Structures are given as C-alpha cells and as structure tokens.
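Hi everyone, thanks for coming. Today I'd like to walk you through one protein model, step by step.

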Amino acid sequence: SGLNVFVVFGIGPLDRSMRDKNDINDLGSISYEPSFSVVKPSAQQAFYDYCTTVHLRGQEQKSSTAWSYSCPFSGPHGFKTFLTINSEPFPTTEERFPILFKLYSQTPSFLYYHASEVGYTIANGNLTINWMYVKVNTDMTYNDGLPELRRMYDWFHSDLESELSNSPEVLTKAFATCPIFTWLQTSETLIKSSLQGIVISMLAVAVMVFFATSDILITIISMLSICFVVLVTLSWIVLTGWNLGMIESICIIIVVGLAVDYIVHLGHSYNMSKHETRYMKMREALTHMGTSILSAAITTCASSVILFFTEVVFFRRFGAFIFLIAFSSAASAFFPFTALLMAMGPTGDGWSYKRLLKYPIRKYRESKALQYNFNNLEKTFKEAKSKYFAVKAKIIGIENTHKDKDATNVQYSV
C-alpha cells in the first residue's frame, strides 16, 4: 500500500487571530465551514457517490488497480449498510438523519472503523456533523518524482472541483491533503529558492570577477570553472541520496561565493603579469599565488573534517559541503581554470574594458574628424563660390564699360 490522501469536507482555514506568536506549537484554532451539511438527501447521495468513485478515477490517472478507499457512508461498516440492516432507505430524510446517524455512531462498526473520519458534536440530544473526510489509499510513495507528485496533487483538486461542481452547495468546499503534498510544496519552494540563489550569486560573482580582473575573457573562463564546482556539488547531493532540505538549500546557495575565492586570485595574478605569452603569465600566477591557494584549501578541508564527527546532522552535512566545495574549488582552479587560461587566455590588453572602449572612442574621434573636414570643405566651397561670383561680376562690369566706350566713340564719329 502507498500513501493515504484525505479529502476533507467541512474544515476551513486555521483561525490565527488569537494565536500566541511566541509559541511555535500554537498554530491557531480550527474553523469549520458553516455551510457544510450532509443532512439533506441530495448531500448524502453526492457525498456517497464521491466516496465510491474517487479511487476509480485515481486508478485511471496512475494506470493502477491498487487504490482503495474508506468512507463513513459506504463499505460493509458504513452508514448506508447500517440503514439497510435496519430497513431504512438511503438517503434518509432530513428529519431522520440526525437520529439515525446518532444511533450509527454508537455501533461497534462506526467506533472501530470510521470514528476518526467524522467530527460531530451532540448538544441537547441533537447530533451535528462538523466535518468528514474520505481516506483514499493510493500507490503514491515518497520515491515518486516531483513532477508526478505535482500531477497527482493537481488532479485531486481538479477532480474535486469537477465532481462537486454540480453537487449541493453544502459540499462544494473541500480540499485534499497528504503528508507528501506538504513535502511537495516545501521541495518546490526550496528548489526555486536554490535556483534563484545560484543565478543571483553567479551574476554578482561575474560582476565582481570583472572588476577584479578588468577582462571579459578571464571573467567568462572563471564563470565556467565556477559552474564546474556547482555541478560537482549538485552531483554529490544526487549520488549520496540526500533529499533537498533546508541544509542542502543553504549550502547550494553559498557554493558560488565559496567557489570564486581561489579562482579570482589566480585570474587576477594572471592578468597582472607583465609577460607576453600565456604560458609565462600562468607560470608567474601559479608561482606567486599557487602556494597560498593550496594552503588555504588544505586548512579549510582539514577544519571541516572535525564537523564529520559531530552528532548534529546539520553540522555533519555542512562540514561535508565545506570539504567538497573547498576541494573542488581548488581542483577547478589548478586544473580546468589553469588549462583554459594557458590555451585561450588573454595577452596584452586582451579583452579588457580599456581595449573594448578604444574602438568606440576611436570611431567617435574619426567621426568628429570627418565632420570637421566636411565643415572645412563646405566653408572652402562657399568661399570659392563667392570669389567666383565676385570675379564674374567684375568681368561683366568691365564688359559693360567697354560697350559704353564703344558707343560713345561711334556717336562722336557721327
């Protein structure tokens, strides 16, 4: 058998208005849905129909035949069987229901099999049902993956909504609960928080590495090496079979910050080297920083070993994470990161922001110079044009003068 899913009717949200916030055990008080009632015949029939069919629909979803159910209205020890034995019809009338169910609640069948499935009160001899639930025994287990558990969680609630949409209003408010559903929501929240933490940390570390090295290529190689450490850590969680809990989520978030330490020191030392070749730059970086990084990794791993022998689970796992992160960070710094820088690391100005800014600055200056030359050319053209028209005007004036003189001479001769 697998996990039990409880479909609850009649219970509303917890009332937290009067809870003691200083008491972690005070979760509030239970509130009941005032509209819930199974007194009417239509409500009795709707509740019975849901009880006897929900496990069949669930089996279709899981392609299984291993589901079963327990309901106070059905089964060999249920309320309907009690009415049949006593020659009473089901569903019974609204007036007879409180009397008959009160008698049923005193039978061994109810007390042994269904007493925990009904919450009722008796005041002045009158029975009032506050809540009821249907227990569905499924074949779901804690080993099912999160996508499958999420699918079944959504199915239970969508099935409730569709099956009870045409039921009496007194049965429309219900919910399905199971310990694994609580764990499902917690796990999804932890996964989401871990992924958000990794993304934010990676962005912050990328900015920090860029400002430390002033080179985009070194920043890219550094982030690839840090991703290697993150993958090693996540793989360790999977291989050891640890579930994603609060401890693992915290450690996944801090892995990026711890992994960048050794890598950024080597990258900065490489970038500050005055040598021309990648080999000599990396050799100088390892000579100056290699001993310090190796010593820091050894002391960190040695100090975390002490936590392996503690009794508290948090300290043991946290120590294992620190050891793994320090070891994998040092290995990533000395092997993949070093090899990538020797194979494709920047030389000279490399991919520094100074070199990258030179191109747009040069283009800006060239455009300004071109604009200046164009303005000078335009000014020269205007000056040449004005000189041309001035000379042309003088020529026309001279020609007019000669014409006047010729006309005067002709008149004089006449």
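When I say that two residues are in contact, or touch, I mean that they have heavy atoms within 4.5 Å. Here is an example: setting aside neighbours within four places in sequence, Phe101 is in contact with Phe73, Phe79, Phe110, Val118, Leu127 and Ile129.

A word on where this comes from. This is a predicted model, in which local features need pLDDT of at least 70 and side-chain atom pairs count only at pLDDT 80 or more, while totals for chains, interfaces and linings use all residues. Residues are numbered from 1 along each chain as its sequence is written, and side-chain values use heavy atoms, with hydrogens and water left out.

Now the overview. The protein chain has 11 helices and five strands. Both come from DSSP runs numbered from the N terminus: helices are H or I with at least four residues, and strands are E with at least two. The chain has 414 residues, and 35% of them count as buried. Buried means under 20% relative accessible area, exposed means over 50%, and partly exposed is in between, using a 1.4 Å probe and protein chains only. Among contacts with a separation of 6 or more, 69% are made by residues 24 or more positions apart.

Let's go inside. Which residues touch the most other members of the largest nonpolar core? They are Phe9, Phe73, Phe79, Phe101 and Phe156, in a core of 46 residues. Strand S1 (4-9), helix H1 (41-62), helix H2 (79-85), helix H3 (97-104), strand S4 (126-137), helix H5 (146-163) and H6 each supply at least two residues of this core. H1 gives the most, with seven residues. A second, separate core has 38 residues, including Val209, Leu266, Ala297 and Ala326. By a nonpolar core I mean a set of buried Ala, Val, Leu, Ile, Met, Phe, Trp, Tyr and Cys residues joined through side-chain atoms within 4.5 Å.

Next, please find Phe36, in the loop between S1 and H1. Is Phe36 buried or exposed? Phe36 has a relative accessible area of 7%, so it is buried. Not counting residues up to four places away in sequence, Phe36 touches Phe9, Gly10, Ile129, Asn130, Trp131, Met132, Val170 and Leu171.

Now for charges. Side chains of opposite charge can pair when their charged atoms come close. How many salt bridges does the structure hold? There are eight, where a salt bridge is a side-chain nitrogen of Lys or Arg within 4 Å of a carboxyl oxygen of Asp or Glu. One of them joins Arg57 and Glu163, at 3.7 Å from N to O. Arg57 sits in helix H1 and Glu163 in helix H5, 106 residues apart. Arg57 has 16% relative accessibility, so it counts as buried, whereas Glu163, at 35%, counts as partly exposed.

Another pair is Glu248 and Arg317, whose closest N and O atoms are 2.3 Å apart. Glu248 lies in helix H8 and Arg317 in helix H10, so this pair ties together parts that are 69 residues apart in sequence. Glu248 is buried, at 2% relative accessibility, and Arg317 is partly exposed, at 23%. Salt bridges that share partners also join Arg57, Asp159 and Glu163 into one network.

Finally, let's follow helix H7, residues 216-240. Why does its length make sense? The expected span of a helix is 1.5 Å times one less than its number of residues. H7 has 25 residues, so it should span 36 Å, and its end C-alpha atoms are 36 Å apart, which agrees. At the start of H7, a side-chain oxygen of Asp215 reaches to within 2.9 Å of the backbone nitrogen of Leu217. The buried residues of H7 include Leu217, Ile221, Met223, Val229 and Ile237. Helix H6 (179-213), helix H8 (246-272) and helix H10 (313-344) are among what covers the buried residues. Just after H7, Gly241 takes a positive phi of about 75 degrees.

Note on methods:
Polar contact = N/O pair within 3.5 Å; in protein donor to acceptor, adjacent residues only side chain to side chain.
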